[in-house]
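Please work through each task before reading its solution.

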Amino acid sequence: MDLFLNLAINGIATGMLIFLIACGLTLIFGLMDVLNFAHGGLFAWGAFVGVWAYGITQSFILSMLAAVIAGLLLGLITEYLIIKPVYGNHIQQILITLGFMLVLSELIKVVFGPNILAASKPPYLDGSWEFGDVTVIKYRALIIVVGLLLFLVIMAVLKFTKIGLIVRAGVMNKEMVQALGINIRLVFIGVFMVGSALAALGGALFAPSSGVAYAEMGMEFGIFAFIVVIIGGMGSVPGSLVAALLVGLSNGFMAYYYSDLAMAVTMILMFIVLIFRPEGLFRVSGVSNK
Amino acid sequence: NESGGDEPSGDPQQEETEENNEEESEGNEEEKEPIKIGVLASLSGVLEAYGAQTQKGFELGLDYATNGTREFNGRPIEVIYEDTETNPEVATQKALKLLEDDQVDFLVGSSSSGDTLAVTGLAEEFETIMVVEPAVADSITGAEFNEYIFRTARNSSQDSAAAAAAIADEGVKIATLAPDYAFGHDGIAAFKPYAEELGAEIVHEEYAPQDSTDFTPHIQKIIESDPDYLYVVWAGANSPWNQLKDMDVQGKGIKISTGAPDIAALKTMNDLVGMEGFTVYYHTLPDNEVNDWLVEEHKARYDGEVPDLFTPGGMSAAISIVEALKQSDGSTDANELISVMEGMSFETPKGTMTFREEDHQALQPMYAIKLVEKDGYDYPVPELIRVMEPGETEPPIKNGQ
Amino acid sequence: MIKTIQKSTWIYIAVAFMLVLLPFFKDERWFLFLMIQVFTFGIFAMSYDLLLGYTGIVSFGHAMFFGLGAYSIGITLNFLESTFMNLFLGILLALVLGGIVAFFAGILTLRLKSHYYAMLTLALASLFLVLAEKWRSVTRGSDGFTFRIPELPGPLQDHRNLVVYMFCLVSMVLIFFGLRRLTESPLGKILVAIRENEGRVESLGFRIMPYKVIISVVSGVVASFAGVLYAISIRFVGTNVFGIDVTLDALLMTIIGGVGTLVGPIIGAGIIEFAHHYLSDLSDVHWIFERWIILFGIVYILAVIFFPAGIVGTLWHKLAKRKHKKQEMKQKTSDKLAS
Amino acid sequence: MTNTLLKLEQINTHIEQFHILHNVEFEVSPGEVTVLLGRNGAGKTTTLRTIMGLNNASNGTVTFKGEDITKLPPYHIAKKGIGYVPEDQGIFYGLTVGENMRVGMRKEDDATKERMEWVLELFPDLKKFWKKPGGQLSGGQKQMLSIARSYVNENDLLLIDEPSKGLAPVIVEKVIESIEKMKEKTTVVLVEQNFYMASRLGDRFYILDDGMTVHHGDMSALREDEELKRKYLGIA
Amino acid sequence: MESIIETKDLTISFGGHIAVNQVSVSIPRNLFTSVIGPNGAGKTTFFNLLSGQLNPTVGKVFFKGENITKKSTVERTRLGIGRSFQITNVFPNITVLENVRLAIQSREKVRFQMIRHFTYYKKFTEEALNILNTVLLSKRANALAANLSHGEKRKLEIAMLLALDPELLLLDEPTAGMSLEEVPAILEVIENIKKEGNRTIILIEHKMDMVLGLSDQIIVLYNGELLAQGNPEEIMDNETVQTAYIGGESK
Ligand SMILES: Nc1ncnc2c1ncn2[C@@H]1O[C@H](COP(=O)(O)OP(=O)(O)OP(=O)(O)O)[C@@H](O)[C@H]1O
Ligand SMILES: Nc1ncnc2c1ncn2[C@@H]1O[C@H](COP(=O)(O)OP(=O)(O)OP(=O)(O)O)[C@@H](O)[C@H]1O
Ligand SMILES: [Mg+2]
Ligand SMILES: [Mg+2]
């Protein structure tokens, strides 16, 4: 039972960590239908900025803030220079965002040097609590809390404002939304910035958990985030949460009980989900207008 | 070169130069034909940092071995660096360019085992000596061995032997953790016989995906196997150290042991202070003149930075090449070089290395160390416990298998 | 219509002929090797274009066929003697395996739409990667292994590289013409219709499944063959052949060259390989280019901005525009004459 | 002059390389219904889209309430009080009927609510299927939704592209009545192939052919003029 | 009279909402039948059930006496049921000509030919041009279908149906959005098919003058149910039809 609890708690924490990476992508990929391969780059930038800011300020909160601001700025730049010309065209999106991903990752090395950076966390988040045989790592507990909070905030914003509606409508028929008097550009920029900031925040929270930030983490986890969004069903925030938790838990349990397959768990999970539910766990009706 | 004076082998070199001048009189009229060395390294991508270390080390090594003249017997030594991008296809292409276009006399490289393996066949085809540095896969001097291949880098087996020597003892229970790919499996497979020979018992082997976000289930299993030591083989940025700390493995009476990595990675190991293990190199460990020169010169040239994990490897490769040339009287004919290089010993920052005759693997000292906290360092510093002599970590001969 | 087709065919044949002559003018081996890479990746990217450009299927796991081909030939020649018999055996094995896997992958396209299918293929390719990683007794894991290719008879052995070059070139040209004919056949037209509007194809009385399976198999077999050529050219196989990078390369080459054009992917392969080669050499020129990958990334970005439909696609577009203008002018003058 | 709400002068529109509109001219007086007629492909839809800013005029000016709106972005034009019912209905397929209506609302005040009630009375089907995704509606229901969505805003000008298409005769009647009712407040430009509807509503008409305005005048004149009808509309 | 298509208790519900409710009709061969009814009455859905786009929850469809309820769209098309769509449904990024040629290709059963060049089939192209001519679209033959105006797309829709040359034509509001000037041409095409006498046409239309002018028989759907079936006079006399569908005075 203790073992089960241990695995479950850690699995959930991993899931939340994954959700933090994926939720920005859910917004951008799911709502705006933009295949943003540079998302991972934003994530990596968040990690580096976070580590750097923590080194300077020694304040965890400020480091997160710095990452969010960096994410917002990068999001603005990305949208403006990279995404704007290619809305609605997946093929061009793939090419241009992959190019930008290369630029982003390489720029990290220019700015922060080619070496990996050690990421530390403040002393009060170090270590773990022990409840009998159950070990709860403090930082992981924090991640669970932050993940849940973010989830609730995003859901509330989507539910109680028209933003979610407008974005979805804008993707389905951009012209019509404009003809209804909505400046869809502004909305898209805003959502893109928020999505990027979430990615950066994810990176900043992620680095202290694994202890390092490195330029290639972007590509590695970018793909991971795509997988989670797909398993959850494009555009569904709860879907992403559930998918992330599922991925986290299955990774944890498989690693323990059948570690030979640990490498393949996520892919197998995606495989199974897609075979039985071809549109992901949570289907959002008609993201595209076909 | 100002530090050339401390270099003992300065004089004989001079003599040889003169001798050669007489023999090859026709080459004297014009510029002497240069000796060309092609260095393959990952200068971009994941292994970029390693590639840079090799490159710096090689530069320094050449200067050291030629007294800063970069000449041998009056022939200039020319080095061409090529980036393999850690991609076998690119490595092949660059190697071809070096071998055919630039007609290099020696190949050196590279940072990844895959790149290296893709190239070793070409070295054979072009009958060119290739000094492997710092790729570790056993198969390079094992199953995939060909006689043009010499390796100044240590191989996985040597790592493992060193690791075993550092911790294994009668009755010691050891659990292992390694990344779930060839490097990890090879490392553990090599480690086991050494450890068992020393009387230790392997109680658990755990493999985790290289890019795992969550090591806790793996650590959980290790804790349950209740070992005295946890031996970790790891490489790459994403690492389990943080979570080993979070799960308080050391607090549960399990001592962690691993090979100390380069300084950037050491910075992520702050939680492992007190760990006993081994290392290939840390600049304070060896005690010899070559190393003193290396540390000093490295600091002077690179902003006060000290040489890192693979810097002496690069240097050793350069030294071994110059040494081979000396022994072959400047001949770059591969077959002649092979015959002089087999069994050749040479002085490196790590002390004396010897190319074993059978598989051309350089036998070399390794270091048993302990990580300690030290003022003025933002990482745990490897402190020497003892030097393991080359014979102690001698790997089995596996070529042709 | 027929006239233009013939014209373009002649152009292609002329270019192919020039490529045949090329090694007699520039015979450095690294250059030949680079050209061989262009040919192999050209073939690979064409096979990708068949899916993406002609049938509208996005795949993120195309590397699985490439890898299958590479491993098939590598393992065959490594474990068996290196003879021509076994070389053909290896190629046959590659084609058959590629076909079988593509058959099942093709069936899955029916259930899954766009991104979902793309990600499913990504999963499949990753599973192959894991297999290559784990089945170490055969594959040597991530380190990979080298193998020998059979010796050529007599004097040819000395010109082995030239032979490999010609073999790859001829393969590419034949595959190009073969695939072009396929895409311009009635079946090819149905594929395009499927890309455009799947539902409507059914109500015209065409079953979708056989077409998707056929094209998936053709594409898979061709990709697998590209993998064979790749392995032969470097005589080494490692797990990287199953990597996402390989798929992304094919994708990028196809897009840069022009989706749905078949020549585009070849040109794309040429551009990416050569840009890569020359850009990475820039770092020797000046330290500022040490981060040449940034430039490489910028090439992609500029490609999208200046050639939104790929190089070939955009050029064709421009040509069509010009034709239209001419026609309009003609019409205007004839209208004037009429009135 | 002061009595023009909307004015198009020398409008030329290109779509990609195709020159679609050639020097289109027309004027709309407030409180009137102006009908655009012409055969398929004549450029009626393009004219409306150019007014909305969805296609850009390569030259010429569009003046609305005395202000040049030619170069303004569509959302800006819409905010000036122009509503648009596109010929393909412009339904957001994935959003429910209710959400479709909500996206279209420029304000959410009492007046809007009132209009909403009126609209739902007009098209009870929409109320019935309030939670149904727009994509699952029948063809006519989509048309109703598109019209209804434009009605909930207070518009000074309404551009309607073929509203009667796909609607049952009863509903056509309702739409006619609704437009008649709104007429005082809202000026309407109507593209309509249903001559019955066009002639009942229209005050003035313009005929487009091949991207050019070839004729215009009072609707009453057209109603009587069989010759004109035959020439431009192919009806007797 | 012999029926070409017949339904028995045809019913479909979309998550609780019954769109077509126990409709049993028999459509006589070679007669012209129209389906009318208010918006949302289930006309298009009824077509979808006949052509196989949808499968009924309950009920059966018979084509020439054969039970085709379980058959797919493809099979039904091959048996000879062709349809046009209410919301235009063409292949946008290929030319108008190729759109039509694809339909001919299907009819001629050239399905898996991957060796020959498509231009080898010259008569397909000729025939396609002919058909485009009859629907007044030949001028746009080389335009991309996506660039057509709405009305032009409707014509293309009809052209593709004609190219398929099915025994049973299901026309879903073929002239919606078509200009007054061009409707007669399309009507003529339809009338010609009718005159030839070996094709059966079922038409959904809201334009009553057209329905009355063409139909031999009219079916009225209302709320998914079959409200009435009969010849035009009978239907026009039906009071429910008058109030529920046609409304006030109408042309
Ligand atoms: N995206 C486009 N690209 C190229 N040509 C276009 C495009 N859209 C419309 N056209 C052409 O412009 C002309 C005018 O089209 P428009 O849609 O304005 O006609 P319309 O009068 O509304 O016709 P309809 O009554 O059929 O709706 C047509 O010939 C059409 O083919
Ligand atoms: N796929 C679907 N899912 C859910 N409901 C549907 C679906 N298709 C149609 N309906 C509903 O079924 C009813 C009948 O629709 P149908 O399209 O058959 O109407 P119709 O008689 O063709 O109307 P119109 O004259 O407006 O075209 C409508 O209320 C519609 O909302
Ligand atoms: Mg129109
Ligand atoms: Mg309908």
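**Exercise 1: Charges and fold of chain A**

The mean positions of the 13 positive and 12 negative charges of chain A lie 14 Å apart. Lys and Arg are taken as positive and Asp and Glu as negative, without His and the chain ends, and each charge is placed at NZ of Lys, CZ of Arg, CG of Asp or CD of Glu. The model is predicted: local features require pLDDT of at least 70 and side-chain atom pairs pLDDT 80 or more, whereas totals for chains, interfaces and linings use all residues. Residues are numbered from 1 along each chain as its sequence is written, chains are lettered from A and ligands numbered from 1 in the order in which they are written, and side-chain values use heavy atoms, leaving out hydrogens and water.

Task: State which radius of gyration chain A has and how it relates to that of a compact globule.

Solution. Step 1: the rule for a globule is 2.2 Å times the number of residues to the power 0.38, with the radius taken over C-alpha atoms. Step 2: for 290 residues this gives a value near 19 Å, and chain A agrees because its radius of gyration is 19 Å. Step 3: along the principal axes, the C-alpha atoms of chain A fill a box of roughly 60 × 45 × 35 Å.

**Exercise 2: The magnesium ion (ligand 3)**

Task: Identify which protein atoms coordinate this ion and where they lie in chain D.

Solution. Step 1: donors are N, O and S atoms within 2.8 Å of the metal (3.2 Å for Na, K and Ca); water is not among the atoms, so sites may look incomplete. Step 2: D:Thr45 (OG1) and D:Glu87 (OE) coordinate the ion at 1.9 to 2.3 Å. Step 3: D:Thr45 belongs to helix α1 (residues 44-52) and D:Glu87 to the loop between β6 (82-85) and α3 (97-104), so the pair ties together parts 42 residues apart in sequence. Helices (H or I, at least four residues) and strands (E, at least two) are DSSP runs, numbered from the N terminus. Step 4: D:Thr45 counts as buried at 18% relative accessibility, as does D:Glu87 at 12%.

Methods: Buried means under 20% relative accessible area, exposed over 50%, partly exposed in between (1.4 Å probe, protein chains only).
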